[in-house]
Amino acid sequence: MVASSSSMAISAKWVLITIARFSNEALSFFLFSLLDVIDVLLCFVYKVADFFYESEWKPCYCSSHDQEAISSGDGNKILVSEKGLSLSTKLKLEEVSDTLYTRPSLLSDLSKVTVNELRRLKVKPFVIGSTAKAAVRSTFTVNSTIVEMLQEKINGGQSRRWSECNCKLCSCWSSSSKQSLFVRSQGPKDHPHEDVLFIHGFISSSAFWTETLFPHFSASAKSAYRLLAVDLLGFGRSPKPANSLYTLKEHVDMIESSVLETHKVKSFHIVAHSLGCILALALAVKHPGSVKSLTLLAPPYYPVPKGEEEASQYVMRKVAPRRVWPPIALGASIACWYEHISRTVCLLICKNHRFWEFLTKLIARNRIESFLVEGFFAHTHNAAWHTLHNVICGTGGKMERYLDIIRETVKCEVNIFHGGDDDVVPVECSYNLKARVPRARVNVVQNKDHITIVMGRRKAFARELEGIWSNSNA
């Protein structure tokens with residue numbers, strides 16, 4: 001009798017799970033099909049608005065088949081030239097993620113089926129690419145939007161868009177002749193014992209560290225270590241150029257020039273959170289003899305299965321699975337899959353951030369840290385959109401190579417912290433990283449999530465970091 005009741009309970013649970021899963025799939029299909037249509041309509045709206053405010057049509061990534069051929073002596077690099085003048089720095093083709101201009105949707109799938117059927121029937125569609133462009137032969141092709149942005153960069157194009165906030169805080173960087181990242185420094189300025197570089201996560205700022213950990217370091221640590229917290233390119237008080245592609249290389253180069261070179265950093269420890277972990281690994285690979293310790297919090301590492309040809313597409317599906325539930329998946333999917341919907345969200349929130357900051361403080365009554373709210377609003381759609389695709393999704397095929405170098409060449413200590421309740425980056429990501437770098441130590445902190453892994457244990461984490469830095473010297 002007891003066994004029968006137990007089996008019935010299991011059957012009932014299985015039925016409920018099946019119903020919930022089917023409901024999620026059905027609702028997700030309906031909602032994201034609707035969002036596909038809305039994004040197409042918003043594309044037209046923004047084309048008109050951009051022309052009205054800026055007197056020119058601005059490129060977007062909607063036309064996934066709109067490719068432009070580029071000639072280069074090196075098949076792995078893009079070399080854009082305008083009127084005989086070539087771009088002084090070459091942008092590697094692999095730095096630009098194909099998820100920017102290839103994001104399958106219900107509408108695009110139907111369009112492909114229609115075009116293929118017309119071709120099978122030998123009927124020429126009204127618009128299928130460009131015959132002029134089709135005649136060009138080159139080593140590779142690249143989305144024309146990327147070409148336009150690079151050409152605009154060469155010609156010294158606009159640094160801001162009409163849809164971005166123009167307040168003093170958001171535009172202070174545009175008046176500077178030297179485009180350098182905003183860096184907060186604490187500790188001895190002359191002859192510090194050691195340097196520590198702090199790299200924040202996606203849609204955040206250096207305040208994530210300076211307002212939480214910096215006040216809780218011991219007096220001896222503050223006298224021995226120079227703490228350097230940086231606002232990444234496109235976030236916080238750092239420059240947010242409209243013509244930047246925010247590739248991994250651009251982010252790393254800006255950190256090198258604004259932090260390592262400007263502050264004459266020779267050897268350093270790195271503490272990084274979420275997105276910042278990818279940049280930390282790239283820095284460690286580039287400066288293997290200079291990094292003394294790596295502390296990674298919630299690293300977004302999604303191993304790409306063998307045989308998976310499109311690594312960036314695989315990572316995008318893991319990061320943004322186009323599901324209504326859980327809510328974090330819905331938010332990530334909207335941010336990652338819909339260029340114009342996410343721009344609308346940014347237009348409504350970031351451009352009017354002073355109102356939303358006031359409203360948040362009024363409703364939350366200081367229950368939410370103000371620096372978190374300010375850091376969330378201090379970015380542009382262009383920065384968030386390109387960083388999300390080019391760094392998080394686009395490095396899907398590079399992470400294994402980076403981790404192999406960390407394991408074999410970079411001999412520093414590697415420590416990983418992850419919140420047990422993290423629903424942004426699953427705990428499995430940290431264990432996947434350890435499987436690639438066996439010497440890495442994984443510390444899963446129970447009852448902490450993606451943010452409270454730091455904010456919920458400030459003093460404890462500050463002491464843990466001091467111990468890591470001390471042990472690395474020993």
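Predicted model: local features only at pLDDT ≥ 70, side-chain atom pairs only at ≥ 80, totals over all residues.
**Exercise 1. A network of salt bridges**

The structure holds 18 salt bridges. Work out how Asp50, Glu54, Arg161 and Arg343 are linked, and which parts of the chain are involved.

*Solution.* 
Step 1. Asp50 and Arg343 meet through their side chains in a salt bridge of 3.0 Å, N to O. This pair links distant parts of the chain: Asp50 belongs to helix H1 (residues 2–54) and Arg343 to helix H12 (residues 339–349), 293 residues apart.
Step 2. Glu54 and Arg161 form a salt bridge between their side chains, also given as 3.0 Å, N to O. Here Glu54 lies in helix H1, while Arg161 sits in the loop between helix H4 (144–154) and helix H5 (168–171), 107 residues apart.
Step 3. Check the burial of each residue. Asp50 is buried at 2% relative accessible area, and Arg343 counts as buried at 10%. Glu54 is buried at 15%, and Arg161 is buried at 17%.
Step 4. Asp50, Glu54, Arg161 and Arg343 are linked in a network of salt bridges.

**Exercise 2. The open sheet and its helices**

Describe the sheet that contains E7 and E13, and state which strands stand at its edges.

*Solution.* 
Step 1. The sheet is open and has seven strands, ordered E7-E9-E8-E10-E11-E12-E13, with mixed pairing.
Step 2. Strand E7 (183–186) and strand E13 (441–445) are at the edges; each has a single partner strand, so one side of each lacks a neighbour in the sheet.
Step 3. On average, neighbouring strands are turned by 15° against each other, direction ignored.
Step 4. Within the sheet, strand E11 (residues 291–297) pairs with strand E12 (residues 413–419) in the parallel sense over five bridges. Leu296 has Ile416 in E12 as its bridge partner.
Step 5. Helix H17 (residues 428–436) lies across E11, E12 and E13 and runs at about 170° to E13. Helix H19 (residues 458–473) lies across E8, E9, E10, E11, E12 and E13, at about 150° to E11.

**Exercise 3. Nonpolar cores**

Identify the residues with the most contacts inside the largest nonpolar core, then list what Leu294 touches.

*Solution.* 
Step 1. The largest core has 63 residues, and Ile199, Ile255, Ile270, Leu294 and Ile406 have the most contacts inside it. Helix H9 (residues 275–286) gives the most to this core, with 10 residues.
Step 2. Neighbours within four places in sequence aside, the contacts of Leu294 include Ile270, Ala280, Leu281, Ala284 and Ile406. Cys412, Glu413, Val414 and Asn415 are also in contact with Leu294.
Step 3. A second, separate core of 23 residues includes Phe217, Leu227, Ile453 and Phe461.

**Exercise 4. The buried residues of H11**

Find the arc that the buried residues Ala329, Ser333, Cys336 and Trp337 cover around the axis of H11.

*Solution.* 
Step 1. These four residues of helix H11 (residues 327–337) are buried.
Step 2. They cover an arc of only 80° around the axis, so they lie on the same side of H11.
Step 3. An α-helix has 3.6 residues a turn, so residues three or four places apart point the same way.

Conventions:
Residues numbered from 1 in each chain as written. Heavy atoms only, no water. Buried < 20%, exposed > 50% of the residue type's maximum accessible area, 1.4 Å probe, protein only. Helix = DSSP H or I, 4+ residues; strand = E, 2+ residues; numbered from the N terminus. Arc of directions from axis to C-beta. Core = buried A, V, L, I, M, F, W, Y, C linked by side-chain atoms within 4.5 Å. Contact = heavy atoms within 4.5 Å. Pairing = 2+ DSSP bridges. Axes fitted to C-alpha atoms, helices over the stretch in contact; angles between N-to-C directions. Salt bridge = Lys/Arg side-chain N within 4 Å of Asp/Glu carboxyl O.
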